[in-house]
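Please look at the sequence and the structure before reading on, and keep both in view.

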Amino acid sequence: MAAEELPSEFDVVILGTGLPESVVAAACSRVGQRVLHLDRRSYYAANWASFTFNGLLSWIQQYQEEPQPKEVQDWSSLLDEGEELVYLSNPDSASISNLQVFCFTSEEDEEEAQSSDLPNPTEEKAVNEDTDVKPSADSNEEATTEKQETVGGAEEEQVTPTEGEEQDTDKPHLSTAQSQLEPTRKRITYAHLVKEGRRFNIDLVSKLMYSRGSLVDLLIKSNVSRYAEFKNVTRILTYRNGNVEQVPCSRADVFASRQLSVVEKRKLMRFLTSCMEETEEHQAYSGRPYLEFLCDQKLGDNLQHFLLHSIAMVTEDTPIEEGLAATRHFLRSLGRYGNTPFLFPLYGLGEIPQCFCRMCAVFGGIYCLRHSVDCLVVDKDTNRCKAVIDNRGQRISCSHFVVEDSYVGKKAAAPRRLLSRAVLITDGSVLPSDSDQQVSMVTIPPVAARYPVVKMVELCPSTMTCIPGTYLVHLTCQSAGSAYEDLAPVVTRCFHTPDSPDQENRPSVLWCVYFNMVDGSGVELEGHGLPSNVYVCSGLDSTLGHEYAIRQAELIFQKILPEEDFCPPAPNPEDIIYDGENPSTPAGEEDEDGAGEEGKREQSQTQE
């Protein structure tokens, strides 16, 4: 069905396919609401998206180009008496800034890459089933990864295509630090990265999923987890005294650790046990820094460092209430699926918004990419949005409108908070081990007084995010300056680059990109003068988990449908009775066209 032929009436219209918007779309569609989900981009997930290497080069090129001013259309002829138009803002291209790309390869490699053909798009995605994890209600108490089973038939249930990847084209190398080129010394060349580009899945945002976090709970409750596969983060690391060390966090890790003395192991286990419940001693430190409490426990520098930076993952001036809450969240997530608290989705975090879009489509949601909303039709008397007018001039009635914050004018009174991001492709792990299947979470304390704490996630090829022989490394921190200023000192300390020739024993950086992103948790969502049934979703936040986005989606859903359950589980296919069908038909029996119950359920109205 062409975009011009969209139905003229929906219950909920949603603009933007980031994680909060996608969860709201799935929740509304699941309880019977008619949902229209739009995005001006050609790919799903907005700033939560994952790209192939070639797709990321295209995305970089897009943000390096000057944005073209958008011509404002006059849609007043579509108004009825007592209505007025509220125009949305032009999409905020400043959500990405200070973008810099570096490629440490020779000129010959670049010339070969520019003339190489794109890889075969039909190449199969191999999955290492030994360590895949499937969150489900039946496996809540599983303690080890080995007992988890991979998802069967996941590819058959995919109903929402990854449009951004289908549109990828071969792009020339965008920029090279000519003064930083080093002699060819790596097995993986730039030409090889481009040739194998479709085997990369590079996230714009870097987060992990707490095993007992709100996102995993929602995936289990709604059965959306069946659309994806997950992998354990296998180890927690920290950078200390110039070296990368493993953090003992589970009971098994503590007793196996060679970094701690017997006395330290006993102190650590005693502390981890005692901090799980509120005590009078904790209350006595109310309002005081968590670090002060750790010092008074006589834990020693080793344990204080591990607890503060790698388990609680807070700063030295964080209040004890926040520090204890973060520590308890970490500890409660241990042992559910493995020896660390974290999971990571195969093929990247961009899979998660698409999973919720898929659920919305299964229950009748309509999707249109490269399609936007120009303005809202507002009733002057009630100050409610009655309809939206899309960028092609079609008036679409709706009861509620959910919009990504980049379409809403922001107050300029206070500067926006930013996140600094770096994405690296390296030729080795920051902490080599006997296994090449390690997925690592690394915390890096400030390298100097003005620098922020950096969170690093290192992904191996079995996560299906990079090619064999490489690792994909994400670095994130609160911005103090540009992303390059904040993160380049960390990169030169932990990896070998032309700026750190003395780090020969470190893994080499093959390619990297630095950029700043708007911290959505600092965006003002109220006070825009919007109608009462218009709800704004902010972007990503600086925390490692997904609690902020899921809480935001649930609050919006409750405002729209306060009496409904948030993302209830989907019914079993054999329990569904379709219009005009004989209820006595055996479950799963095929109809005359050969379409079984599951096939009928997945005939969604997905628009491209």
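The text below begins with the chain as a whole and then turns to one helix and its partner.

The model is predicted, and its protein chain holds 16 helices and 23 strands.

Helix H1 covers residues 19–30, and 12 of its 12 residues are buried; among them are the charged-class residues Glu-21 and Arg-30. From its first C-alpha to its last, H1 reaches 16 Å, which is close to the 16 Å expected at 1.5 Å a residue. After the helix comes Gly-32, whose phi is positive, near 100°.

The partner of H1 in this report is helix H13, made of residues 351–362, and the two axes come within 8 Å of each other and cross at roughly 20°. Because angles under 35 degrees count as roughly parallel, H1 is roughly parallel to H13. The crossing of the two helices is left-handed.

| Helix | Residues in the contact |
|---|---|
| H1 | Leu-19, Ser-22, Val-23, Ala-25, Ala-26, Ser-29, Arg-30 |
| H13 | Ile-352, Pro-353, Phe-356, Cys-357, Met-359, Cys-360 |

By class, this contact of H1 with H13 has 10 nonpolar, two polar and one charged residues. As background, an α-helix has 3.6 residues a turn, so residues three or four places apart point the same way.

Definitions and conventions. Residues are numbered from 1 along each chain as its sequence is written. This is a predicted model: local features need pLDDT of at least 70, side-chain atom pairs count only at pLDDT 80 or more; totals for chains, interfaces and linings use all residues. Side-chain values use heavy atoms; hydrogens and water are left out. Helices (H or I, at least four residues) and strands (E, at least two) are DSSP runs, numbered from the N terminus. The expected span of a helix is 1.5 Å times one less than its number of residues. Buried means under 20% relative accessible area, exposed over 50%, partly exposed in between (1.4 Å probe, protein chains only). Axes are lines fitted to C-alpha atoms, for helices over the stretch in contact, and angles run from 0 to 180 degrees between N-to-C directions. Angles under 35 degrees count as roughly parallel, over 145 as roughly antiparallel, 65 to 115 as roughly perpendicular and the rest as oblique. A crossing is left-handed if the near helix is turned anticlockwise from the far one by less than a right angle, and right-handed if clockwise. Contact means heavy atoms within 4.5 Å.
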